[in-house]
Amino acid sequence: MRTAMRTQVGIVGAGPAGLVLAHLLQRRGIESVVLENRSRDYVEKRVRAGVLEYGTVQLLTETGVGDRLRREGLVHTGVELRFDGQGHRIPFDELTGGRSITVYGQQEVVKDLIRARLEAGAPLLFGVADVSLHGVDSPTPSIRFRADGQDQELQCDVIAGCDGFHGVSRDSVPAGVLTGYERAYPFAWLGILAKAPPSSEELIYTYHERGFALHSMRSPQVTRLYLQCDPDDELAAWPDERIWDELHARLATRDGFTLTEGPVLEKGITGMRSVVLEPMQYGRLFLAGDAAHIVPATGAKGLNLAVADVWVLARGLAEFYRTGSAAELDRYSATCLRRIWRGQHFSWWMTSMLHRFRGDDEFGHRLQLSQLAYVTSSRAAATTLAENYVGLPLG
Ligand code: APR
Ligand code: PHB
């Protein structure tokens, strides 16, 4: 026996894409049900990136889920690029007409959205199992899953596949429909969260002979740090002492920068790759966020691209329910892909400029130094970095 329910939009996944979509739809009077296979505790504690573009902050604030973000988020009006033992600041505000970014952990955004949804009494189910999609090429698609020991079916008008890179939505698209474009990088990031006050007020992206390093933060008491490592490295090969030694070496400056250490609260290795799947729609299934594309973390674009996707999707769904026209929905994929490819290019460019490539390619090394010197000395080149980093306008 399968229990049946109905909604307008079935959303698979309660990451930033699924939760922001549910929130935007609710504000437009469109019903949705969010299905998440992990527990609430797990998704709220999952440590990910933490840079919000200007437009992402505006969207969250204007739609009523930005109070804590405004209170606790750290507004940054620039970043530092460090190479050759020297720091160079890129002033975002000056180069982009007053724009900035906000440092606020992705899981904090997720927590705020979950709370808002549950307080509104809107459906969001955690810990569901065996999620599968049916009839996505028909006008009556459905999602089957198991919750509370009971087989259930959610009938919908439309399904949003917001289930990340390892989700199941994509697999419901017949073979041959999607084309994948991919670039793998020969390195990964080792990230730590340390209970130590940040050693600088701003993010520091460092290019060093020993590899890339990034100084970021989560609060005045917590620093987030990353190191370029080998993609095959195991965490066991990186005891805390080795991590700190490496961070000190890579972040060192000629004028004596000091990095404050503290207890390591969290540690993890993330692969670096670029992936785009096209198109992002098949019948009544719309893919959004990591389910359709992955960017290397160097450009801090992952969450922001996910939010931009669902903003476009919510607009298309609003038109669909208001007028019955699917014209805007049918443009969903093409509209999103323009921004996604810009984000892909920016992320690839930042990644290529800032990482040490294997094989001691001296020619490549000198090209990277030349690029860094140009970006930090030409207003035109710095503006390119700044406007992409703070984010191009939505829509
Ligand atoms: N059924 C239900 N939920 C699922 C399933 C499934 N079969 N598979 C995965 N999920 C859930 C995951 O547990 C996760 O909570 O879907 C959610 C997808 O969320 P994210 O991976 O955070 O992806 P997205 O919402 O697109 O956000 C993109 O996340 O990976 C980061 O850097 C990336 O910042 C970017 C952001
Ligand atoms: C982070 O704070 O986690 C962070 C910041 C900038 C990046 C990636 C990650 O480019």
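Begin by selecting helix H8 (302-323): H8 contributes three residues to the shell around ligand 1, the largest share. Helices here are DSSP runs of H or I with at least four residues, and strands are runs of E with at least two, numbered from the N terminus. The model is predicted, and local features need pLDDT of at least 70, side-chain atom pairs count only at pLDDT 80 or more, and totals for chains, interfaces and linings use all residues. Residues are numbered from 1 along each chain as its sequence is written, chains are lettered from A and ligands numbered from 1 in the order in which they are written, and side-chain values use heavy atoms, with hydrogens and water left out.

**Ligand 1**

Next, display the whole shell, which holds 25 residues; the closest are Glu 36, Arg 46, Arg 48, Gln 106 and Asp 290. A residue belongs to the shell if one of its heavy atoms lies within 4 Å of the ligand. Helix H1 (16-27), like H8, supplies at least two residues of this shell. Colour the shell by class to find eleven nonpolar, eight polar and six charged residues. Ala, Val, Leu, Ile, Met, Phe, Trp, Tyr, Cys and Pro count as nonpolar, Asp, Glu, Lys and Arg as charged, and the others, Gly among them, as polar.

At Glu 36, a side-chain N or O atom is 2.6 Å from an oxygen atom of ligand 1. At Leu 303, a backbone N or O atom lies 2.9 Å from a ligand oxygen, and at Pro 16 a backbone N or O atom lies 3.1 Å from one. On its own, ligand 1 has 710 Å² of accessible area (Shrake-Rupley method, 1.4 Å probe), of which the protein covers 89%.

**Cavities**

A cavity is a set of points, on a 1 Å grid over the protein atoms alone, where a 1.4 Å probe fits but cannot get out; lining residues have an atom within 4 Å of a point. The largest cavity holds about 100 Å³. Of its 13 lining residues, Ala 49, Gly 50, Val 51, Leu 214 and Tyr 226 are the closest to its centre. Select strand S16 (residues 213-219), which gives the most to this lining, with three residues.

Finally, the second largest cavity has a volume of about 80 Å³. Select helix H10 (332-354) and helix H12 (379-390), each supplying at least two lining residues; H10 gives the most, with four. This lining divides into three nonpolar, three polar and five charged residues, including Glu 53, Lys 301 and Arg 339.

Terms used: On a 1 Å grid over the protein atoms alone, a cavity is a set of points where a 1.4 Å probe fits but cannot get out, and a pocket is an open set with protein on both sides within 12 Å along at least five of seven lines; lining residues have an atom within 4 Å of a point. Grid points are joined across faces, edges and corners, and a volume is the space filled by probe spheres set on the points. A polar contact is a pair of N or O atoms within 3.5 Å; within protein, one must be able to donate a hydrogen and the other to accept it, and residues adjacent in sequence count only if both atoms are side-chain atoms.
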